[in-house]
Every structure is written in C-alpha cells, then in structure tokens.
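Good morning. I will take one structure today and walk through a few of its side chains. Please have the sequence and the model open.

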Amino acid sequence: MLPATFKLCAGISYRHLRNMTGLRRTAAVALSHELEKLALVGPGPSQWINQVRRRSSLLSSRLDEKPYNEVEMSYLKQGEEALKKSMNILEEQDGWKVEIVAENGDKVLSKVLPDIGKVFKLEAVVEKPLDSVYGELVDNMENMGEWNPTVKEIKILQKIGKDTVITHEKAAETPGNIIGPRDFVSVRCSKRRGSTCILAGMSTRFSGMPEQKGYVRAENGPTCMVLHPVLEDPSKTKLTWLLSIDLKGWLPKSIINQVLSQTQVDFAKHLRNRVAMSTASLSLC
C-alpha cells in the first residue's frame, strides 16, 4: 500500500494535477495513515519516516488554509501601509516639539507633516512586563472601555488572519462636551519583531458599519504603538504612541491640540492602573 500512496503523492507534482485540491488532501491523509502503520510495526520509525511525516502534516495544514479574497487582501495591505508609514514617521528624529512633560517623566511631542498634518507622540514607561501591556492593548482590546474613560466601546467587526482586525470604536465626549461623540472604523495589525511589538492602524471603510446616528465619523492614521522592554530593566515596558487623527467638524485647532496631547498623558495613567490591577488579580489566584 505504501508504494501506491507515494505514487499518489508524486502525482500531485505534475502540472495538470496541481490545482486538484481534493487529490492533494487525499494523498496527504493517506500518506499519514501509512506512516502511522509503519510506526507500529517496529520498535520505532526511522529518521526518514519522521521527516516525511512532518512534511505530510505541513502539507495537510497548508491545504486547510483559507485563501483571502480581494477585499480581505486590501485590508491586509492597508494594515501593512499603516505600519510602514507610522514607523517611517517615528524613525525621523528631527522636528519634534515638546507639548507636555509630566512629573513622572511621560512626554508628549508633536510635529507637522505634509499631507498628514499635526501628529503627536507619547513616550512613557509602564512598570510592567511587555506581555502584560500587550495583553491589554491587543488580546483584551474589546475591554478597553472598562478602564479608559475616553473610550465608550471597541468592537472587533472582522478578523483577517492572525494579525489583522477591523474595529469600530466609539469615543466618549470630552469633559464639558467640548468635543462631542466621535466614532472610528479602523484596520489594525499587530507585528512582533524580536522583543519589539508594533500595533499599527488607520481608518478604513467597512460595509457592515455605516455612519452611526449621534456620532461624527472621524478618521485616524497612520497611527501606531510600539512596545519593547526597557534596556536597563526588562520588567518594564517602553511605550511609544504615535497619534494622527482628524476629528472632523468645526473645532479650533488650539482646542484639538490641547485635548489630544492631554488624552495621551491620561491614557498612560489609565493603562498603568489597569495592568497593575490585572497583575494583582492574578497573584491572588
């Protein structure tokens, strides 16, 4: 039976049979079954059987992957574009102007860019490991409204692959209703590069989320958060948040600039409180 199975697997390498997905899946499954039989005959499978088994398993998993359609591919490209543009902005060190320096060392800077406008950059250190911070910002994204007063709700509308999501975010009014309710539809992607995590995003269009009554549809991006362990103390996390946002409506730029820079400082404070509470809860379990 095994020779016949290998012939079946070899057949899928011919050009006229490559697109026959059912045949390839049948071959992979058959080969896996035959290898299992061999493994039971002797004291243990030989090295070459182990290698073929791993390859057949990889083939089966690839056959089960769901291909992306045209719309999904466009969202993936938007996420990559947001990441690339954001990192290019952050890598340029010149031209940043200090907006706020908090007592704890948190700092907000800004600069004006052609075709984008004014962008803001928060630099802060969170006294918790990277995985704790990453967990709140990515894994528990939809719970952000529980600890960040500027967010009413974040809902994941669609997941595309393991790194990209489409989200709808409702922002709360500012104190005194200086800026009324806004909402955003965004494509977000998360990437790990060694010990650094990058969370990037930008506004997008999503047919399942038209403009909502009572909210002004604002736009953001390119924007990103960069997380990496503090070199001197890896138990702490350096957070850099690039914020680029168009709130829409008739609002004085002076008020917008003040609100956005203060929002970033407040975010760092709320994030610290959240990860501290989460860590304390885990230690009690």
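What you see is a predicted model. The protein chain has 285 residues, and 40% of them are buried. Its secondary structure comes to six helices and 12 strands. If we take contacts with a separation of 6 or more, 56% of them are between residues 24 or more positions apart. The chain exposes about 16,800 Å², and carbon and sulfur atoms supply 54% of that area.

Now the rings. How many aromatic pairs does the structure hold? There are three. I will show two of them, and phenylalanine 267 takes part in both.

In one, phenylalanine 267 pairs with tryptophan 147. The ring centres are 5.8 Å apart and the planes stand at 45°, so this pair counts as tilted. Where do the two partners sit in the chain? Tryptophan 147 is in the loop between helix 5 (130–139) and strand 4 (151–160), while phenylalanine 267 belongs to helix 6, residues 253–284. The pair therefore links parts of the chain that are 120 residues apart. Both tryptophan 147 and phenylalanine 267 are buried.

In the other, the partner of phenylalanine 267 is tryptophan 241. Here the centres are 4.9 Å apart with the planes at 55°, so this pair is tilted as well. Tryptophan 241 lies in strand 11, residues 237–243, and phenylalanine 267 in helix 6, so the pair ties together parts 26 residues apart in sequence. Tryptophan 241 is also buried. Taken together, Trp147, Trp241 and Phe267 form one aromatic cluster.

Lysine 121 has its charged end over the ring of tryptophan 96, 4.3 Å from the ring centre. Arginine 192 places its charged end over the ring of tyrosine 134, with 4.6 Å to the centre.

Last, the serine. Serine 203 is found in strand 7, which covers residues 196–203. Which backbone nitrogen lies 2.7 Å from a polar atom of the serine 203 side chain? That of asparagine 220. Leaving out residues up to four places away in sequence, serine 203 touches Gln78, Val185, Ser186, Ala218, Glu219 and Asn220.

To recap, the cluster to find on your screen is Trp147, Trp241 and Phe267. That is all I have.

Terms used:
Residues are numbered from 1 along each chain as its sequence is written. This is a predicted model: local features need pLDDT of at least 70, side-chain atom pairs count only at pLDDT 80 or more; totals for chains, interfaces and linings use all residues. Side-chain values use heavy atoms; hydrogens and water are left out. Helices (H or I, at least four residues) and strands (E, at least two) are DSSP runs, numbered from the N terminus. Buried means under 20% relative accessible area, exposed over 50%, partly exposed in between (1.4 Å probe, protein chains only). Contact means heavy atoms within 4.5 Å. Accessible areas come from the Shrake-Rupley method with a 1.4 Å probe; for residues, only the protein chains shown count as cover. Rings of Phe, Tyr and Trp (its six-membered ring) pair if their centres lie within 6.5 Å; planes under 30 degrees apart count as stacked, over 60 as edge-to-face and the rest as tilted. A charge sits over a ring if NZ of Lys or CZ of Arg is within 6 Å of the ring centre and within 35 degrees of the ring normal. A polar contact is a pair of N or O atoms within 3.5 Å; within protein, one must be able to donate a hydrogen and the other to accept it, and residues adjacent in sequence count only if both atoms are side-chain atoms.
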